[in-house]
Amino acid sequence: MKLRVVSSKREISDLGRNEQIVHLAFRASNMDVMGLVQSCPRLRAVQIPPSYHETMSKAAQQFLEIQGVQLLKGDVWGHRKDIDEYYTVSDKVIKRISGLISEGTSIDDTVKKVQRETKLSEDLIRYILKEQVLA
């Protein structure tokens, strides 16, 4: 699973139409969010840092919800945009999540374990569970 890391407003217009998960590494305005949805019609989730989540307008949050786009809180730890524009969640992590669930581990315990092991955000782990493991 890949998250496209967007670090400035200027990059929104350059995004591919097939982007499905985007991490906004800047404080996005309402217009930025609208532009993102227009540039990426297949968008399914937007991840923003927890500190930005508190200041994101309710209008932008509602707009994403109406469009069917999930808003996730989280960071991309250790990602270097100058090396790769995508942050990748490895198949190994997804298999680990799937394995814990198949062993009968509760969703909450799975999230806690994987979060400790990988530093992925709780919201992203729950998104992976919903979209890839439990689907």
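Two strands are taken to pair if DSSP finds at least two bridges between them. In this predicted model, strand β2 (residues 21–24) and strand β3 (residues 45–48) pair in the parallel sense over three bridges, and histidine 23 stands opposite glutamine 47 in β3.

These two strands belong to an open sheet of five, arranged in the order β4-β3-β2-β1-β5 with mixed pairing. Its edges are formed by β4 (70–73) and β5 (86–88), each of which pairs on one side only. Between neighbouring strands of this sheet the turn is 30° on average, direction ignored. Helix α6 (residues 122–133) packs on the sheet, where it touches β1 (2–6), β2, β3 and β4, and the direction of α6 makes about 140° with that of β4.

A further packing contact joins two helices: α1 (residues 30–39) and α3 (residues 58–66) pack at an angle of about 15°, their axes lying 9 Å apart. Angles under 35 degrees count as roughly parallel, and α1 and α3 are therefore roughly parallel to each other. The crossing in which α1 passes α3 is right-handed. On the α1 side the contact is made by Asn30, Val33, Met34 and Val37, and on the α3 side by Ala59, Ala60, Phe63 and Leu64.

Turning to the aromatic rings, the count of aromatic pairs comes to zero, whereas tyrosine 86 has charged side chains over its ring, as tabulated here.

| Charged residue | Ring | Distance to ring centre |
|---|---|---|
| Lysine 2 | Tyrosine 86 | 5.4 Å |
| Arginine 4 | Tyrosine 86 | 5.8 Å |

Technical notes. Residues are numbered from 1 along each chain as its sequence is written. This is a predicted model: local features need pLDDT of at least 70, side-chain atom pairs count only at pLDDT 80 or more; totals for chains, interfaces and linings use all residues. Side-chain values use heavy atoms; hydrogens and water are left out. Rings of Phe, Tyr and Trp (its six-membered ring) pair if their centres lie within 6.5 Å; planes under 30 degrees apart count as stacked, over 60 as edge-to-face and the rest as tilted. A charge sits over a ring if NZ of Lys or CZ of Arg is within 6 Å of the ring centre and within 35 degrees of the ring normal. Helices (H or I, at least four residues) and strands (E, at least two) are DSSP runs, numbered from the N terminus. Axes are lines fitted to C-alpha atoms, for helices over the stretch in contact, and angles run from 0 to 180 degrees between N-to-C directions. Contact means heavy atoms within 4.5 Å. Angles under 35 degrees count as roughly parallel, over 145 as roughly antiparallel, 65 to 115 as roughly perpendicular and the rest as oblique. A crossing is left-handed if the near helix is turned anticlockwise from the far one by less than a right angle, and right-handed if clockwise.
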